[in-house]
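Hi everyone, thanks for letting me have a few minutes today.

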Amino acid sequence: MRTVAVVGASLAGLRSVEELRNQGFAGRIVVIGEEVHAPYDRPPLSKAFLAGTLPAEELALSEEDFDAEWRLGVRADRVDPRAGEIHLSTGEVIGADGLVIATGGRPRTLAGTSALSGVHTLRTLDDAVALRADLQAGVRVVVVGAGWIGAEVASTCRSLGLEVTVVEAAFIPMERALGPVLGSLCAELHADHGVDLRLGVGVDSFSHNGSRVTGVLLRDGSHLPADVVVAGIGMEPSTDWLLGSGLPLDNGVLCDTGCVTSIPSVVAVGDVARYRTAEGNHVRHEHWTNASEQPVVAVRNLLAGTTVDSFRPSGYVWSDQYGVRLQVAGETSGVDEVAVIDGSPDDRKFVAEFRRAGLAVGVLAMNNAKLFGRMRRQLAQPPGVTIPAS
Amino acid sequence: MITACAVEDLPVGESVRIPGEPAIAVFNADGEFYAIDDTCSHQDASLSEGWLEGCFVECPLHAALFDLRTGMPTCLPAKKAVRTYPVLVEDGVIYVDTRAREAVA
């Protein structure tokens, strides 16, 4: 393998470049990144960066360039994997005999808002800069979606002294991920910090003055005046540039247990990669840790030319909101029992264990990083620890 | 020189956080005591709450690994070293020498 192209220059792309060099690849690496920025860390965008306490230069993920060619501010328009050609938005064609797909995704947007200013999504640095510019003193913020991003944005806006309403279609926030008890606790965190939380109600439409949003009309008929609306309603994997490439796409780039696609010289990592688990399901993870961990395995398989190793997710996620640190690892959905094993949710310091058939398969901690670190290492391994390759 | 704790209060594999500016984390790594800045050089996390393995501590937030002997990170996301401090044990008490603080970049 002489040239590897890495398409996508965020965490998963950067980690792929780092792993290529770590694992001894001495050939040419070309990184294609749609954003003009060098790889930066995204988690602070909803927290310290949005709050204005962390400057943009602190977000840089690496000071090294790993002797790679960084084509930033350039999009990959299409790829012909068999010919080993990547066609860029500049008209340039990159020849590569290995390809790492790390294009992540785009946030879902609220229908009917594309022409309205004051309506935001949050994924990139530019998104965060634009949102921050709108968070002027006295503005009224409506956050749609009470997932991680929505909760963190709401929390940051409250810390800036802004009036915040969170609208969530489900009756309990985060219920699918955390179960009803801990989901209700997330609801309490919002309420404790003066957020007006509207649960079990969807968004109907938006009021505006012709160009700028002025409010959100809910399905129950209520109208929330708003100067700023933030949508935290999930993302879609960026695979449009792969249409016609022959690579199997279905809610992401389909790959095997080792992040290898149907073509052995093409691997996918991060939010865009929908890989096969040992149980035979295809899953995607939209988390920082996944983007950081997958490249280790994907690059190993890419350089080996075949799937020699399988990816095993740690399932580690964290969130800082309303002054508490939440950490989750392992599996938290589809469990039989959630038991608080240390501390108390009322004190906002506790550790809960998620059990299936009596075995601990997941752990959640609030403000207890130490015990969390110990617990996550003791989680029951999923069945079939020795996963056969491919 | 600041007092960390009694030797008997810091068994192998344990850590203690000394509040202050900056806060310092003291570890007992297989019988050796090490002191480093408590706050991860990457983002706001207390290294005293991290996972200790040999003479490395893993940041409890993002799993960046720091060498307790040098303060150097071994992997992303941390890029900058944390400061290390000499540790002294006298009459069963662990002390941290913070005078070296200015000498380290």
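H5(A) bends by about 90° at Val181(A); the bend at a residue is the angle between axes fitted to the seven residues ending there and the seven starting there. Helices here are DSSP runs (H or I, at least four residues), strands are E runs of at least two, and both are numbered from the N terminus. This is a predicted model, where local features need pLDDT of at least 70 and side-chain atom pairs count only at pLDDT 80 or more, while totals for chains, interfaces and linings use all residues. Residues are numbered from 1 along each chain as its sequence is written, and chains are lettered from A and ligands numbered from 1 in the order in which they are written.

Back to helix H5, residues 175–192 of chain A. After H5(A) comes Gly194(A), with a positive phi near 75°.

Now take helix H4 of chain A, residues 148–159. From first C-alpha to last, its 12 residues reach 16 Å, close to the 16 Å expected. H4(A) is largely enclosed by the rest of the structure, because 10 of its 12 residues are buried. These include Trp148(A), Glu152(A) and Cys157(A). Their cover includes H5 and E22 of chain A. Gly161(A) follows H4(A), and its phi is positive too, near 85°.

What is the order of its strands? In this open sheet of five strands in chain A, the order is E22-E23-E26-E25-E24, with antiparallel pairing; strands pair if DSSP finds at least two bridges between them. At the edges sit E22 (317–321) and E24 (337–344) of chain A, each pairing on one side only. Further in, E23 and E26 of chain A pair over five bridges, and Leu326(A) stands opposite Met366(A) in E26(A). Helix H7 of chain A, residues 369–377, packs on the sheet and touches E23, E24, E25 and E26 of chain A; contact means C-beta atoms, placed from the backbone, within 7 Å.

Definitions and conventions. Two residues are in contact if their C-beta atoms, placed from the backbone, lie within 7 Å. Axes are lines fitted to C-alpha atoms, for helices over the stretch in contact, and angles run from 0 to 180 degrees between N-to-C directions. The expected span of a helix is 1.5 Å times one less than its number of residues. A residue is buried if 20 or more other C-beta atoms lie within 10 Å of its own, exposed if 12 or fewer, and partly exposed in between; C-beta atoms are placed from the backbone.
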